[in-house]
Amino acid sequence: MRTILAVALLLTAGCGAGGAGGGASILDGDELVVAVKGDQPGLAVKTRQGAFEGFDVDVATYVARHLGKKVRFVETTSEGREDKLRTGEADMVVATYSISPPRKRQVMFAGPYYVSRQDILVRKGTRGIRDVRDLAGRRLCEASGSISTSRVVDARGIAAVLVPAGTYGECVELLKKGAVDAVSTGDLILAGYAAREKGAFTIVNAPFTEERYGIAVRPGDVAGCEEINRALTVMYQTGAAAKLLRDRFGETGLELTTFMPQFEGCD
């Protein structure tokens with residue numbers, strides 16, 4: 001009898017509901033806590049009132065509505081994304097989180113919800129940087145926790161001079177001050193900063209690789225991952241994704257990808 005009671009108590013404790021860390025799946029509970037960036041214009045910025053807005057926020061809100069959940073946002077950096085899930089501070093991460101084999105060993109990815117192309121941002125009037133090969137010998141900002149610079153230096157063997165920074169927001173400030181020559185990452189990120197700075201920067205428009213932005217959940221949450229993929233399928237098939245993209249980036253001159261990406265398997 002004592003054994004049965006102990007097992008029952010353990011099962012009850014393992015079925016917590018609501019909010020971050022409240023259960024094994026994002027399908028548990030009434031609230032979905034989502035980690036987003038706070039300094040990426042067009043994608044996710046934190047307003048003076050403490051709210052978050054941008055395309056990543058729009059996507060997370062769409063998914064939450066599909067799941068029938070209330071949604072609450074918390075801020076993360078590139079470096080802190082895995083920890084938000086590991087510590088239970090967030091149930092889901094939607095933060096320009098590029099899917100890669102090493103990261104798939106730490107989290108489970110749904111999506112991608114967008115396939116971004118890596119490009120280069122320079123100061124307006126910069127000469128001599130027309131494509132990724134021209135980054136050789138140039139000062140290239142490296143945001144902490146991002147894998148974008150490795151796609152330049154390691155994958156392509158281009159000897160850029162890496163200058164570390166905490167976030168892409170800091171990278172853009174370094175670029176503005178002339179402390180670096182270029183910032184390279186997904187085109188949506190670059191377009192957001194270019195739009196905010198109104199003519200201070202230029203996107204080179206020479207994409208050289210793809211960044212598949214995934215939605216991360218805790219490892220093992222197959223049911224939650226599959227339900228996110230269903231939500232993203234509806235978002236693209238109904239044209240909602242295209243509308244969200246046009247609303248955020250339609251005036252930047254960036255050629256947007258509005259067809260539904262090929263999803264990762266939930267494993």
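How many bridges join strand S2 to strand S3, and in which sense do the two strands run? Two bridges join S2 to S3 (residues 44–46), and the strands run antiparallel. The structure described in this report is a predicted model.

## The sheet S2-S3-S4

The pairing of S2 with S3 belongs to an open sheet of three strands, ordered S2-S3-S4, in which the pairing is antiparallel.

Glutamine 40 has alanine 44 in S3 as its bridge partner.

## Strands that pair with S12

Strand S12 (residues 209–217) is joined to strand S6 (residues 92–98) by three bridges, and these two strands run antiparallel. Serine 98 has tyrosine 213 in S12 as its bridge partner. Strand S6 also contains threonine 96. The phi angle of threonine 96 is near 40 degrees, a positive value in a residue other than glycine.

Strand S12 also pairs with strand S7 (residues 108–123), over eight bridges and in the antiparallel sense. Here the bridge partner of arginine 117 is glutamate 210 in S12. Strand S7 contains proline 112, and a cis peptide bond joins glycine 111 to proline 112, with omega at about 20 degrees.

Strand S8 (residues 139–143) and strand S9 (residues 161–165) run parallel and are joined by five bridges. Within this pairing, arginine 139 stands opposite valine 161 in S9.

## Helix H6 against helix H7

Two packed helices are described by the angle between their axes and the distance between the axes. The axes of helix H6 (residues 168–177) and helix H7 (residues 187–197) come within 11 Å and cross at roughly 50 degrees. That angle makes H6 oblique to H7. The crossing in which H6 passes H7 is right-handed.

On the H6 side, the contact involves Tyr168, Gly169, Val172, Glu173 and Lys176, which meet Tyr193, Arg196 and Glu197 in H7. By class, the contact of H6 with H7 has three nonpolar residues, one polar residue and four charged residues.

## Helix H2 against helix H8

Helix H2 (residues 55–67) packs against helix H8 (residues 222–237) at an angle of about 110 degrees, and their axes are 9 Å apart. The two helices, H2 and H8, are therefore roughly perpendicular to each other. H2 passes H8 in a crossing that is right-handed.

The residues of H2 that make this contact are Val59, Tyr62, Val63, His66 and Leu67, while H8 contributes Glu227, Ile228, Arg230, Ala231, Leu232, Val234 and Met235. In terms of class, the contact of H2 with H8 comprises nine nonpolar, one polar and two charged residues.

## Helix H2 against helix H9

Helix H2 also packs against helix H9 (residues 240–249), at an angle of about 155 degrees and with the axes 10 Å apart. H2 and H9 are therefore roughly antiparallel to each other. The crossing of H2 past H9 is right-handed.

In this contact, Phe55, Asp58 and Tyr62 of H2 meet Ala240, Ala241, Leu244, Leu245, Arg248 and Phe249 of H9. The contact of H2 with H9 divides by class into seven nonpolar, no polar and two charged residues. Tyr62 of H2 takes part in the contact with H9 and also in the contact with H8.

Note on methods:
Residues are numbered from 1 along each chain as its sequence is written. This is a predicted model: local features need pLDDT of at least 70, side-chain atom pairs count only at pLDDT 80 or more; totals for chains, interfaces and linings use all residues. Side-chain values use heavy atoms; hydrogens and water are left out. Axes are lines fitted to C-alpha atoms, for helices over the stretch in contact, and angles run from 0 to 180 degrees between N-to-C directions. Helices (H or I, at least four residues) and strands (E, at least two) are DSSP runs, numbered from the N terminus. Angles under 35 degrees count as roughly parallel, over 145 as roughly antiparallel, 65 to 115 as roughly perpendicular and the rest as oblique. A crossing is left-handed if the near helix is turned anticlockwise from the far one by less than a right angle, and right-handed if clockwise. Contact means heavy atoms within 4.5 Å. Ala, Val, Leu, Ile, Met, Phe, Trp, Tyr, Cys and Pro count as nonpolar, Asp, Glu, Lys and Arg as charged, and the others, Gly among them, as polar. Two strands pair if DSSP finds at least two bridges between them.
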